[in-house]
Amino acid sequence: MYRIPIKNVVSFTSDNGANYILACKLIDEDSEDSCCDSPWADAEIELLHDEFHIQSIRCAAHTLELSIGDALKENFEIKPLLDKVRKLANFLKNETNVRQLKENEKSLPTTDVVTRWGSTYDMLASVSKLRNFIEISLNVSNKDRSQYFLDDDEWDALDSTLDDLLPARQATTQLQHQNLTLGDFYAVWMELQMKPEKKKTPLSTSLVKAMTERSRSVNYRDARKGERLSALFHYPSFNAAVFLDPRYFSLLSPEQISDAKAYLCELWARVQKARGVAVEPEPEETVDEPEELDSEDSSLFEQLLASKNKGRFPDGEVAAANKNTIRALLNEYDRTTKPLPRKTDVLEYWEKRRRVSPELHELALIVLAIPATEVSVERLFSSLKFILRPQRFNLQCSNVDHILVLHANSELVEEYANEVMVLEKLPNPERSSSSSSASSCSSGSL
């Protein structure tokens with residue numbers, strides 16, 4: 001539709017559902033065998049072409065949702081509590097109770113969508129805030145009170161559940177940021193795993209376990225060979241994106257850094273080939289094993305990141321002999337770049353280095369643009385219901401596509417519109433010259 005050659009696609013991000021396999025089949029048009037006919041039909045596949053591959057990436061937000069769902073299912077004693085709170089929330093939304101809530105300027109409780117745990121958390125939080133009003137001020141019959149109200153143990157269990165799920169709720173919100181990079185996702189995921197490890201409650205322990213198992217699920221580079229790749233972390237483009245993010249590159253192991261450099265060299269060769277520039281093969285390099293970090297308080301992500309940053313500059317580094325190769329530039333970047341504070345905008349950092357390191361700047365824009373989540377697509381689905389309303393069902397498909405493109409790129413559209421407005425305010429040379437001629441003719445006739 002947008003005339004983008006398949007060879008220009010570096011990666012695609014999708015959820016964990018069956019439609020992922022269909023996406024593999026549709027995009028990998030050069031593959032002779034259908035991925036759905038392979039023994040790994042239910043696995044996720046990295047698309048492989050003759051000269052390049054498209055890295056398939058699982059949506060971080062969706063994977064976290066599944067992990068939290070796994071943890072809630074493992075703690076089966078939570079389900080009766082959720083059902084009872086859900087029942088209470090619905091009871092509070094009847095006409096009589098809504099009137100009492102509004103008279104006392106209290107917010108109405110929310111109801112959840114069972115398949116979306118975030119809405120379940122919001123429902124629990126909204127009911128928890130109304131505890132005092134429910135127990136003291138709400139005027140209901142004794143029958144309704146015994147049928148719908150929670151006892152003290154259930155209220156305590158509700159507060160404990162909210163406390164355990166709060167870090168996950170905050171992480172879910174962070175993963176919905178528009179410009180989320182793979183490095184940002186890695187930091188959010190690691191920090192979320194470290195917080196429950198410190199609490200050691202049954203639900204928090206189950207959450208860490210579920211996240212670990214989900215992150216260890218594997219993709220397959222080639223379904224026929226069964227070559228495994230890490231699903232969430234440490235695949236080539238992930239290593240490259242974190243390596244070119246000075247906020248988090250200290251978290252990578254020497255092997256991951258080596259893989260990142262190799263991937264970036266291949267990517268640079270691919271970019272140059274698309275431009276018709278011949279590129280000589282980059283020499284391989286070996287990486288020495290560093291000493292392992294022994295940190296007694298490694299449960300805190302910020303301290304872990306700080307301690308990793310301190311070990312980035314070992315003594316005795318040898319300067320690269322050839323400064324003209326992309327690998328030499330990557331080695332120099334690895335050797336000399338200091339870690340950035342976590343709140344730094346990494347895109348602004350690379351924009352400032354556009355003239356200093358144009359090659360690395362170009363590579364950084366590619367790998368940092370790899371979506372860690374499919375949240376932007378979900379937002380488009382949500383916006384579609386406002387565009388394709390029942391009153392507008394006669395819209396043509398092409399018009400719906402055009403409206404969605406404008407909506408998805410609203411910032412670019414606004415920037416372009418502002419440029420057009422500025423140009424319209426400028427004097428038109430042809431108009432000015434014709435006006436002058438007309439004035440001259442009028443003067444002559446007079």
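Modeller: Quick definition before we start: buried means under 20% relative accessible area, exposed means over 50%, and partly exposed is in between (1.4 Å probe, protein chains only). The model is predicted, so local features need pLDDT of at least 70 and side-chain atom pairs count only at pLDDT 80 or more, while totals for chains, interfaces and linings use all residues. Residues are numbered from 1 along each chain as its sequence is written, and side-chain values use heavy atoms, leaving out hydrogens and water.

Biologist: Okay, aspartate 184 then. Buried or exposed?

Modeller: Aspartate 184 is buried, because its relative accessible area is 16%.

Biologist: Which side chain does aspartate 184 meet in a salt bridge?

Modeller: That's arginine 247, at 2.9 Å from N to O. A salt bridge here is a side-chain nitrogen of Lys or Arg within 4 Å of a carboxyl oxygen of Asp or Glu.

Biologist: And where do arginine 247 and aspartate 184 sit in the chain?

Modeller: In distant parts, 63 residues apart. Aspartate 184 is in helix H9 (residues 182–199), and arginine 247 is in the loop between helix H11 (236–243) and helix H12 (254–274). Helices (H or I, at least four residues) and strands (E, at least two) are DSSP runs, numbered from the N terminus.

Biologist: What about arginine 247, buried or exposed?

Modeller: Arginine 247 has a relative accessible area of 6%, so it counts as buried.

Biologist: How many salt bridges does the structure hold?

Modeller: There are 17 salt bridges. One of them joins the side chains of glutamate 74 and lysine 209, at 3.9 Å from N to O. Those two also link distant parts of the chain, since glutamate 74 belongs to helix H2 (residues 60–74) and lysine 209 to helix H10 (residues 202–216), 135 residues apart.

Biologist: What's the relative accessible area of glutamate 74?

Modeller: Glutamate 74 comes out at 40%, so we call it partly exposed.

Biologist: Which residue does arginine 354 form a salt bridge with?

Modeller: With glutamate 351, and their closest N and O atoms are 2.9 Å apart. Arginine 354 counts as partly exposed because its relative accessibility is 41%, and glutamate 351 is partly exposed at 41% as well.

Biologist: Switching to cysteines. How many disulfides do you count?

Modeller: The count is 0 disulfides. The rule asks for a pair of cysteine sulfur atoms within 2.5 Å.

Biologist: And cysteine 59, buried or exposed?

Modeller: Cysteine 59 is buried, with a relative accessible area of 2%. Cysteine 397 is exposed, with 66%.

Biologist: Now something about the backbone. What's phi for glutamate 105?

Modeller: Near 55°, which is a positive value in a residue other than glycine. Most residues other than glycine have a negative phi.

Biologist: Where does glutamate 105 lie?

Modeller: Glutamate 105 is in the loop between helix H4 (95–103) and helix H5 (117–129). Its relative accessible area is 76%, so glutamate 105 is exposed.

Biologist: Let's do some isoleucines. Where's isoleucine 54?

Modeller: Isoleucine 54 is part of strand E4 (residues 53–58). Its relative accessibility is 0%, so isoleucine 54 counts as buried.

Biologist: How many residues apart are isoleucine 54 and isoleucine 6 in sequence?

Modeller: They are 48 residues apart in sequence, and in space their C-alpha atoms are 8.8 Å apart.

Biologist: And isoleucine 326, which helix is that in?

Modeller: Isoleucine 326 is in helix H14 (residues 326–336), and with 4% relative accessibility it counts as buried. From isoleucine 326 to tryptophan 268 it's 7.6 Å, C-alpha to C-alpha, although the two are 58 residues apart in sequence.

Biologist: Last one, leucine 360. Which helix?

Modeller: Helix H16 (residues 358–367) holds leucine 360. At 3% relative accessibility, leucine 360 counts as buried.
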